Amino acid sequence: MIAIVTGDSRGIGKAIAERLYGLGYKTIGIARSNVKTDWIHVTGDITKEETWDKVLELIDQPIRVFVHNAGIHEKKTFEYNSLDEIKKVYEVNVFSAILGLKKLYKHIPRDENSLIVFISSITAFAGSNSGGIGYVSSKAALVGLAKQLSKELKPIRVNAIAPGYTETDMIKHWDEKRKEETIKRIPLGRLGKPEDIADVVEMLIKAKYINGQTIHVNGGLY
Ligand SMILES: NC(=O)c1ccc[n+]([C@@H]2O[C@H](COP(=O)([O-])OP(=O)(O)OC[C@H]3O[C@@H](n4cnc5c(N)ncnc54)[C@H](OP(=O)(O)O)[C@@H]3O)[C@@H](O)[C@H]2O)c1
């Protein structure tokens, strides 16, 4: 059984790939960095067709899990963001998932043991105080994509996960003050860990009646 994870070079994607590999899947991760992993790592840009063609060559068993985790952020606010910058964010965060699925979905068996997961964000529901209309709206698009594909690819299960603030490179630019203030607002009193998100991917593999949903994993922050 194959599991595919985009953005396996660090952070949340690395934790998810590690978990799926540990669960016994032939795990294929994709990122632009050429990293050494226990699982199979394809070095490439997921917005490019040739990267997915490289993945396709490795498919020799059914794909049971497809996690689109890779994402990029732009921090400018609306007035300073160019349309091209926003399109670039959508290319990675949304269109690459559609491109990858168009290439691979025929290898995903049409039954409820197959799972597609999109990693959205708390910001899709709460917005962001630091800008990023491309990021926030693209993460909201993934919620709609999960809902719609759960109907169109049925009975493959398609869900989204909306992480809260999780300790990875994506938030490493935060200063201590911002970190402390955010932690104060989180009922569990800590930021998320990449493994917290991997736990939910594992849960979704088991929880066979969850479909078309977005699972919020944010320590209770709203
Ligand atoms: N951390 C948070 O607080 C948080 C909160 C909510 C949602 N999320 C979401 O969770 C996901 C993972 O976030 P993270 O914090 O782990 O981010 P991260 O540390 O910045 O990692 C992002 C991953 O995406 C890959 N990637 C980016 N552009 C790519 C491209 N064009 N082609 C292939 N791979 C690409 C990166 O690899 P390369 O650079 O090697 O290509 C990296 O592996 C993202 O979708 C993010 O929006 C994160």
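Tutor: Let us begin with helix 7, where Pro 194, Asp 196, Ile 197, Ala 198, Val 200, Val 201, Glu 202, Leu 204 and Ile 205 are buried. This is a predicted model, in which local features need pLDDT of at least 70, side-chain atom pairs count only at pLDDT 80 or more, and totals for chains, interfaces and linings use all residues. Residues are numbered from 1 along each chain as its sequence is written, and side-chain values use heavy atoms, with hydrogens and water left out.

Student: What covers the buried residues of helix 7?
Tutor: The cover includes helix 1 (11–22), strand 4, strand 5 (115–119), strand 6 (157–163) and strand 7 (214–217). Helices (H or I, at least four residues) and strands (E, at least two) are DSSP runs, numbered from the N terminus.

Student: How do you know what span is expected for helix 7?
Tutor: The expected span is 1.5 Å times one less than the number of residues. With 13 residues, helix 7 has an expected span of 18 Å, and its first and last C-alpha atoms are 19 Å apart, close to that value.

Student: Why is the pair of Trp 52 and Phe 66 called stacked?
Tutor: Rings of Phe, Tyr and Trp (its six-membered ring) pair if their centres lie within 6.5 Å; planes under 30 degrees apart count as stacked, over 60 as edge-to-face and the rest as tilted. Here the centres are 6.0 Å apart and the planes meet at 25 degrees, so the pair is stacked. Trp 52 lies in helix 2 (residues 49–56) and Phe 66 in strand 4 (residues 63–68), so the pair ties together parts 14 residues apart in sequence. The structure holds four aromatic pairs.

Student: What makes the pair of Tyr 90 and Phe 95 tilted?
Tutor: Its centres are 6.2 Å apart, with 45 degrees between the planes, so it falls in the tilted class.

Student: Are Tyr 90 and Ser 9 buried or partly exposed?
Tutor: Buried means under 20% relative accessible area, exposed over 50%, partly exposed in between (1.4 Å probe, protein chains only). Tyr 90, at 21%, therefore counts as partly exposed, while Ser 9, at 17%, counts as buried. Phe 95 is partly exposed at 42%, and Thr 43 is partly exposed at 27%.

Student: What joins the side chains of Thr 43 and His 41?
Tutor: A polar contact of 3.5 Å joins them. The term covers a pair of N or O atoms within 3.5 Å; within protein, one must be able to donate a hydrogen and the other to accept it, and residues adjacent in sequence count only if both atoms are side-chain atoms.

Student: Which residues have the most contacts inside the largest nonpolar core?
Tutor: In that core of 28 residues, they are Ile 4, Trp 52, Val 55, Ile 59, Leu 104, Ile 116 and Phe 118. The largest share, five residues, comes from helix 3. A nonpolar core is a set of buried Ala, Val, Leu, Ile, Met, Phe, Trp, Tyr and Cys residues joined through side-chain atoms within 4.5 Å.

Student: How many residues surround the ligand?
Tutor: There are 30, and the closest are Ser 33, Asn 69, Tyr 135, Lys 139 and Thr 168; to be near, a residue needs a heavy atom within 4 Å. A nitrogen atom of the ligand is 2.9 Å from a side-chain N or O atom of Asp 45, and a polar side-chain atom of Arg 10 lies 3.1 Å from a ligand oxygen atom.

Methods: Contact = heavy atoms within 4.5 Å.
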